[in-house]
Amino acid sequence: AEYLRAAGYRTAAFTTTPNNSAAKGYDQGYDEFFEMWRKVPRGTARNPHYVTREVIEWLGAAGESQPIHLQVHLIPPHGPYAPADRFDRFTDPDYSGPCNGRNITLDHLESGAIPASEECIEHVIGLYDGNLLAADHAVGQLLDALRSRGRWPETVVLVTSDHGEAFMEHGRMTHNSTVFDEMLRVPFILRTPEWMDTSQIDTSRLVTLADIVPTLLATASIQPSPPLEGVDLFRIQGDTRLHDPRFFVAVNTDKPPLFGLRTRRWKLLLNGPGHGALFDLVEDPRETKNIRFEEPALFAGLGMLLTDRVSKPSTIAPSTGSSEITEEDRKMLEALGYVE
């Protein structure tokens, strides 16, 4: 946002959670920063159609004399999984078991207080898919509004997410508690103007959210100053189909921490010196067969790479400012399952 504002863009963001708030510094670089839960009841702020209607109204008043950088944050498909009836298309209407999409139910499934039967998990996934369909429909309305604007031929759109969601694949629900792929993989859907040449982009390569900044700035012909961890995906990187040297590191939010290193083929997990697992994601995409003892040299080598990476100091200093949580923020985070 800072780079684009300096280049003459009008910058605006619509956010629906205190995890993405001005108190945490996320308004940096934005001319306008709308915290939706402060305007309307929490349930309304979680409604993606309400948010996109507000964005569309803002776009109509913004005009087209100035280029715009716009960030829109929607809560669904994030829990609680409670799709409106018109989007609840993936559950069995005759289901009468104990499972639903409430946060407390998801917690009880993980703890074992509610048995995680196949029927139960299928019902919860169906509710999640209904949430996802609602978000997809709201995004579609926003895209329709963008298509009606004169600047649409020049518009870049990125649809992505900050985490995936687990449904007991490895004994956990929701997100951020492990570094298995169900919690790490997210969509990265990029729409570019027709004049941009995308023919050389290797869409099979490993991409991370760190690539967002350099890639989006490249669409505006802006070269960010180093250091940046991500790469401009429009730059020709050569044929990576046989060997992609990229990797990324993930850390869960549980205690003690679990560290993961992900390449296009391999996933390494470490939960202490020499303790962990190794998975071949080509042969075992669901991460069910630990091959650390079959591949000890690979396990050790990737372990050294991971240990070296996580021991390095961050290139971005932590904020020294306070981020006091208000009662309003606390209630919104509670509704999303982040606090009790």
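Modeller: I start with a pair of helices: H3 and H5 are roughly parallel to each other, a label given to angles under 35 degrees, while over 145 is roughly antiparallel, 65 to 115 roughly perpendicular and the rest oblique. This is a predicted model, where local features need pLDDT of at least 70, side-chain atom pairs count only at pLDDT 80 or more, and totals for chains, interfaces and linings use all residues. Residues are numbered from 1 along each chain as its sequence is written, and side-chain values use heavy atoms, with hydrogens and water left out.

Biologist: At what angle do the axes of H3 and H5 cross?

Modeller: Helix H3 covers residues 48-62 and helix H5 covers residues 118-147. Helices (H or I, at least four residues) and strands (E, at least two) are DSSP runs, numbered from the N terminus. Axes are lines fitted to C-alpha atoms, for helices over the stretch in contact, with angles from 0 to 180 degrees between N-to-C directions. The two axes come within 9 Å, and the crossing angle is roughly 10 degrees.

Biologist: How many residues of the contact of H3 with H5 are nonpolar, polar and charged?

Modeller: Contact means heavy atoms within 4.5 Å. H3 contributes Pro48, His49, Thr52, Val55, Ile56 and Leu59, and the residues from H5 include Ala134, His137, Gln141 and Leu146. Ala, Val, Leu, Ile, Met, Phe, Trp, Tyr, Cys and Pro count as nonpolar, Asp, Glu, Lys and Arg as charged, and the others, Gly among them, as polar. The division is 10 nonpolar, four polar and no charged.

Biologist: In what order do the three strands of the parallel open sheet stand?

Modeller: Two strands pair if DSSP finds at least two bridges between them. Strand E1 (residues 10-15) and E3 are joined in the parallel sense by five bridges, with Ala13 bridging to Gln71 in E3. Strands E2 (32-35) and E3 (68-72) are the edges, each pairing on one side only. The order is E2-E1-E3.

Biologist: Which helix packs on the sheet of E1, E2 and E3?

Modeller: The helix touches E1, E2 and E3, and its direction makes about 170 degrees with that of E3. It is H3.

Biologist: Which cysteines form the disulfide, and is it left-handed or right-handed?

Modeller: A disulfide is taken as a pair of cysteine sulfur atoms within 2.5 Å, and one is found in the whole structure. Cys99 lies in the loop between E3 and helix H4 (103-111) and Cys120 in helix H5, 21 residues apart, and both are buried, that is, under 20% relative accessible area, against over 50% for exposed and in between for partly exposed (1.4 Å probe, protein chains only). The S to S distance is 1.6 Å. The torsion about the S-S bond of Cys99 and Cys120 is about -75 degrees, so the disulfide is left-handed.

Biologist: Which strands stand at the edges of the four-stranded open sheet?

Modeller: The order is E8-E9-E10-E11, with antiparallel pairing. Neighbouring strands are turned by 15 degrees against each other on average, direction ignored. One side of each edge strand is left without a neighbour in the sheet, because each has a single partner strand; these strands are E8 (248-251) and E11.

Biologist: Which residue in the turn of the E10 and E11 hairpin has a positive phi?

Modeller: Strand E10 (residues 266-272) and strand E11 (residues 275-280) pair in the antiparallel sense over six bridges. Trp266 has Asp280 as its bridge partner, and Leu270 stands opposite Gly276. Two residues lie between the strands, and the one with a phi of about 75 degrees is Gly274.

Biologist: Is Val282 buried or exposed?

Modeller: Val282 sits in the loop between E11 and H8, and its C-alpha atom is 5.8 Å from that of Arg265, 17 residues apart along the chain. Its relative accessibility is 54%, so Val282 counts as exposed.

Biologist: What covers the buried residues of H7?

Modeller: Helix H7 spans residues 212-219, and its buried residues are Ile212, Pro214, Thr215, Leu217 and Thr219. Just after H7, Ser221 takes a positive phi of about 60 degrees. The cover includes helix H1 (2-6), strand E4 (157-160) and strand E7 (188-191).
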